[in-house]
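The following note comments on selected local features, point by point. Please read it beside the sequence and the coordinates.

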Amino acid sequence: MFARKRTYIGYGAFFVVQVTILGLLQLPAARESFEQLLKDNGYGLDEFYGGLTLSVVMIVATFMLLGALYLALVAGDIISKEVEEGTMRMVLARPISRLRLLVIKWASCTVYTVTLIAFLGVVALVAATLYRGYLGKLFVFAPEEGLFAVFDTAEGLWRYARGMLFLALSAQVISNMAFMFSCFRMKPAAATIITLSILFFDVVLRNIPYFESYKRFFITNHTVKWTHTFFDPVAWHTVGQSYIYLLALNATLVIVGMVRFCTRDLKV
Amino acid sequence: MIELEHVNKRFGKQHAVVDLSLVVPEGSVFGLLGHNGAGKSTALGMLLGQVFPDSGALRIEGRDVFADRPGALRRVGAIFESPVFYNYLSGWRNLCIFASYSHPVPRRRIDEVVELVGLTGRIHDRVGAYSHGMRQRLALAQALLPDSKLLILDEPADGLDPEGIAELRDLIARLNREMGLTILFSSHHLSEADQVCTHVAVMRQGRLLHSGAWHDAHGWVELQVDRADEAVAQLQSLGMVTEAVDGRVRLSEGLEPADLTEHLVRSGFRVSTVKPIKLTLESFYLKTIDDGGAA
């Protein structure tokens with residue numbers, strides 16, 4: 001996976017998107033809206049409109065635009081692409097067990113997900129800080145989660161780093177789901193599309209008011225909990241519950257995928 | 001070396017392999033022959049643990065392919081019809097990756113096999129730039145990497161030009177002769193198989209029609225004689241022929257057609273024809289397919 005050009009083209013695409021978002025945030029209307037929001041709450045623009053705040057905005061936008069798609073694409077390919085192209089048949093002519101091979105593939109997916117989020121986090125922070133010339137204080141606003149928080153620079157940096165870690169954990173669901181479908185007998189594109197469709201369907205249903213009482217069953221209701229690490233104080237009980245749910249979901253996805261692959265015939 | 005015992009495999013309603021039992025002796029060049037869809041690739045797929053049999057047992061060097069996969073495939077190399085590699089990597093890097101799925105292979109060993117297959121000058125080029133023949137050679141290199149004792153080749157001659165097929169045939173013969181490798185290959189290129197096989201098996205619609213040493217398939221004689229049934233029964237009871245089918249008999253080892261004629265004449269039979277049937281693998285194959293296994 002890490003020897004493929006496409007992997008790094010992806011990193012390049014993310015960089016371009018982040019820089020574009022950064023540029024768009026400097027448009028007068030965007031800036032004014034941001035300023036108004038801060039002013040309405042008694043804060044000044046310059047104090048909070050620095051690298052830290054902008055990088056959180058950039059991360060959310062980038063991940064929503066490209067992150068899920070890219071993770072689903074990479075993880076959806078990891079097994080099914082090799083089966084489709086025939087390299088899997090070559091690999092499985094060697095004395096390696098299918099389970100061991102899958103563990104290696106899954107581990108590389110996991111590493112890729114974590115490094116991608118780390119890359120996004122670092123690039124967003126560096127680009128925004130260089131652009132604004134200072135880190136500034138952190139301001140996080142997510143009305144749908146009831147989140148409005150401000151932190152000074154040191155606390156903000158710590159919250160930002162921790163937030164990236166939890167985002168990486170949330171993102172594992174996307175790569176694990178695509179990985180699972182990749183283990184089934186299907187085209188790589190199908191694994192990606194099914195994963196994205198499920199997540200899209202999940203988001204849409206979650207936001208329909210009639211399903212409010214079922215909210216806790218929706219995957220994205222839990223993946224979004226990474227933003228709750230910016231609450232002050234953090235409701236660790238709620239965050240912990242969500243990540244236990246995600247852990248169980250991840251384990252289920254991976255086990256189902258592995259069992260399916262270990263028991264299926266390879267095309268001959 | 002290889003044993004398949006009563007192996008069955010169904011894909012939905014299609015019975016791809018039917019009660020297949022086969023023994024591939026050590027040191028042999030074993031040709032698994034049959035039309036497309038005869039079940040050859042499925043049989044080889046099961047042997048490599050890539051396709052799960054519905055029933056039966058598959059063993060390599062006495063180790064069950066499914067119960068002890070690492071042990072069974074430890075010294076097995078395989079090449080498929082269209083060898084596929086990671087095109088964006090060099091041939092060398094590909095070999096390193098495939099080697100990493102076996103037990104550790106020293107760099108010196110990779111150099112050796114690269115030299116053996118004649119890819120030394122191009123091994124650091126991207127595989128995407130390789131011709132089909134070069135890919136086949138790289139496939140052979142990866143198959144030989146784990147110091148293989150057994151090579152399994154699934155339709156290796158497909159897609160090769162006549163020169164490539166001749167090269168492959170020579171290479172198979174050389175690997176068998178000089179390195180003592182047991183080679184099991186599936187093919188429908190009968191004229192090529194004819195020149196290298198020591199053993200053949202013929203499959204049709206998942207069923208095994210014939211299996212044995214290729215020279216065992218020789219020794220057939222066309223026999224026309226009065227009171228044919230009586231004559232054949234007598235020859236069989238004397239152990240002079242081992243099989244008889246539709247006017248053809250197979251002579252016991254060491255006997256010549258003239259011995260048969262002499263005995264029949266002495267016994268008072270009127271012999272019209274005793275003619276050795278000269279078999280090429282192609283004619284043997286076609287006859288076996290026609291007879292449905294009674295060659």
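In this note, buried means under 20% relative accessible area, exposed means over 50%, and partly exposed lies in between, with a 1.4 Å probe and protein chains only. Helices (H or I, at least four residues) and strands (E, at least two) are DSSP runs, numbered from the N terminus.

This is a predicted model, in which local features need pLDDT of at least 70 and side-chain atom pairs count only at pLDDT 80 or more, while totals for chains, interfaces and linings use all residues. Residues are numbered from 1 along each chain as its sequence is written, chains are lettered from A and ligands numbered from 1 in the order in which they are written, and side-chain values use heavy atoms, with hydrogens and water left out.

1. Helix 4 of chain B. This helix spans residues 107-116, and its buried residues include Arg109(B), Ile110(B), Val113(B) and Val114(B). They cover an arc of only 135 degrees around the axis, which puts them on the same side of helix 4 of chain B; the arc is that of the directions from the helix axis to the C-beta atoms. Arg107(B), Arg108(B) and Glu115(B), on the other side of this helix, are exposed. The cover over the buried residues includes helix 3 (91-100) and helix 5 (132-144) of chain B. Gly118(B) follows helix 4 of chain B and has a positive phi, near 75 degrees.

2. Helix 9 of chain B. Within residues 257-266, Pro257(B), Leu260(B) and Leu264(B) are buried. Seen down the axis of helix 9 of chain B, these buried residues fall within an arc of 55 degrees, so they line one face of the helix. Exposed on the other side are Ala258(B), Val265(B) and Arg266(B). Among the elements that cover the buried residues are helix 8 (228-237), strand 11 (220-225) and strand 14 (271-276) of chain B. Just after helix 9 of chain B, Gly268(B) has a positive phi of about 90 degrees.

3. Backbone geometry to check. Most residues other than glycine have a negative phi, and most peptide bonds are trans. Asp19(B), in strand 2 (residues 14-24) of chain B, is not a glycine, yet its phi is positive, at about 45 degrees. Asp19(B) is partly exposed, with a relative accessible area of 42%. Gln205(B), likewise not a glycine, also has a positive phi of about 45 degrees. The loop between strand 9 (199-204) and strand 10 (207-213) of chain B holds Gln205(B), which counts as exposed at 61% relative accessibility. In chain A, the peptide bond between Asp232(A) and Pro233(A) is cis, with omega about 0 degrees. Pro233(A) is in the loop between helix 10 (219-223) and helix 11 (236-263) of chain A.

4. Helix 7 against helix 11 of chain A. The axes of helix 7 (residues 98-132) and helix 11 of chain A come within 10 Å and cross at roughly 140 degrees. That makes helix 7 of chain A oblique to helix 11 of chain A. Axes are lines fitted to C-alpha atoms, for helices over the stretch in contact, and angles run from 0 to 180 degrees between N-to-C directions. Angles under 35 degrees count as roughly parallel, over 145 as roughly antiparallel, 65 to 115 as roughly perpendicular and the rest as oblique. Where helix 7 of chain A meets helix 11 of chain A, the residues from helix 7 are Arg98(A), Leu99(A), Leu102(A), Val103(A) and Trp106(A), and those from helix 11 are Val254(A), Met258(A), Phe261(A) and Cys262(A). Contact means heavy atoms within 4.5 Å.

5. Which residues does Asn176(A) contact, leaving aside its neighbours within four places in sequence? They are Trp106(A), Asn250(A), Leu253(A) and Val254(A). Asn176(A) lies in helix 8 (residues 153-183) of chain A and is buried, with a relative accessible area of 4%. Leu116(A), in helix 7 of chain A, is buried with a relative accessible area of 0%. Not counting residues up to four places away in sequence, Leu116(A) touches Tyr11(A), Phe14(A) and Leu71(A).

6. An exposed phenylalanine. Phe201(A) is in helix 9 (residues 188-206) of chain A and is exposed, with a relative accessible area of 53%. Phe201(A) and Phe218(A) are separated by 17 residues in sequence and by 9.7 Å in space, C-alpha to C-alpha.
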